[in-house]
Amino acid sequence: MSRVVVTGRVPDAAIEKLRAEHEVDAWSGPESIGREELLRRVAGADAVVSLLTERIDAELLDAAGPQLKVVANVAVGYDNIDVPACTERGIVATNTPGVLTDATADIALSLILMATRRLGEGERLIRSGQAWKWGMFFLLGSSLQGKTLGVVGMGGIGQATARRAKAFGMEIVYQSRSEIDPGVAAELGARRVDLNELLTVSDVVSLHCPYGPATHHLLGAEQLGAMKSSAYLVNTARGPIVDEAALASALREGRIAGAGLDVYEHEPRVHPELLELDNVVLLPHLGSATVETRTAMAMLAADNALAVLGGDRPPAPIG
Ligand code: DGY
């Protein structure tokens, strides 16, 4: 029997699955586990099932000890894990691709609609108690039909977002490290372009690339400046892909029309200027937040950990 440390609350089904075979120490506090407590608990662990709120770095791996075999992240993004430090120590790192594709694409599409149709503004107006009535020019937004969606990062979530946008009548362009399956490109009528062209031609730019040194501030002042002044930016990927201060200035000065954000550069802190602006919709990292999706993510993470502990290849290794 091995020792599995789970760094935060996850659906019971995943804990039960792990407990059927191993000793499980799962943090169940209402707040995220503190760093000191985490370093203390991982000592002697054979597997760590981590949430994206916990930093899994060399210090933590060393605190766990040489018996640690697997770090199973309950997320598709793994910028919280120092993967090279895991590899150096012979520790397998895993993530949860696929199971949150639809939920995250749903949120991307929601943000596209919320931003372009000014739904957040409308909701805030009603709740503020201000007087309002139907008017020909009251809270006019922009239509999606015939407009262009630029998808940055055309993996599973990018493709699922494009598929939804196409159903709303949008044309699709995308920027990606590699060509996508030609059948999918044909189905979506999607054209691969470079980032600069994408920013120039898109009416909505939606970010779906992973975060790492290569994508840090991929969208800064210059890139935001290349967008149409009528365009919208949506980010459901990772906050630091966008230079948040530059975004706040572009929104304030009307250099782009609006934005919809689910993730933040210094999460959970939101740039104070964004909080003051009406033309940005702000969600608290809800991309994968459905009961079904979070359960599937936790179960896949459990399967990853169990496979490695059992000497097998995990279903979703990173890299
Ligand atoms: C992920 O899995 O990376 C998501 O951001 C979680 O919502």
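**Domain division and nonpolar cores**

The protein is divided into two parts, domain 1 (3-97 + 291-309) and domain 2 (101-282). The structure is a predicted model. Between the C-alpha centres of domain 1 and domain 2 the separation is 32 Å.

The largest nonpolar core contains 31 residues. Within this core, Leu224, Leu233 and Leu247 have the most contacts. At least two residues of the core come from each of the helices α9 (195-201) and α11 (244-252), and likewise from each of the strands β9 (204-207) and β11 (258-261). The most is given by α11, which supplies 5 residues.

Cysteines were considered separately. A disulfide is a covalent bond between the sulfur atoms of two cysteines. With a cut-off of 2.5 Å between cysteine sulfur atoms, the count comes to 0 disulfides. Cysteine 86 has a relative accessible area of 0% and is therefore buried, buried being defined as under 20%. Cysteine 209, with a relative accessible area of 9%, is also buried.

Note on methods:
Residues numbered from 1 in each chain as written. Predicted model: local features only at pLDDT ≥ 70, side-chain atom pairs only at ≥ 80, totals over all residues. Heavy atoms only, no water. Domains from an automatic or database assignment. Buried < 20%, exposed > 50% of the residue type's maximum accessible area, 1.4 Å probe, protein only. Core = buried A, V, L, I, M, F, W, Y, C linked by side-chain atoms within 4.5 Å. Helix = DSSP H or I, 4+ residues; strand = E, 2+ residues; numbered from the N terminus.
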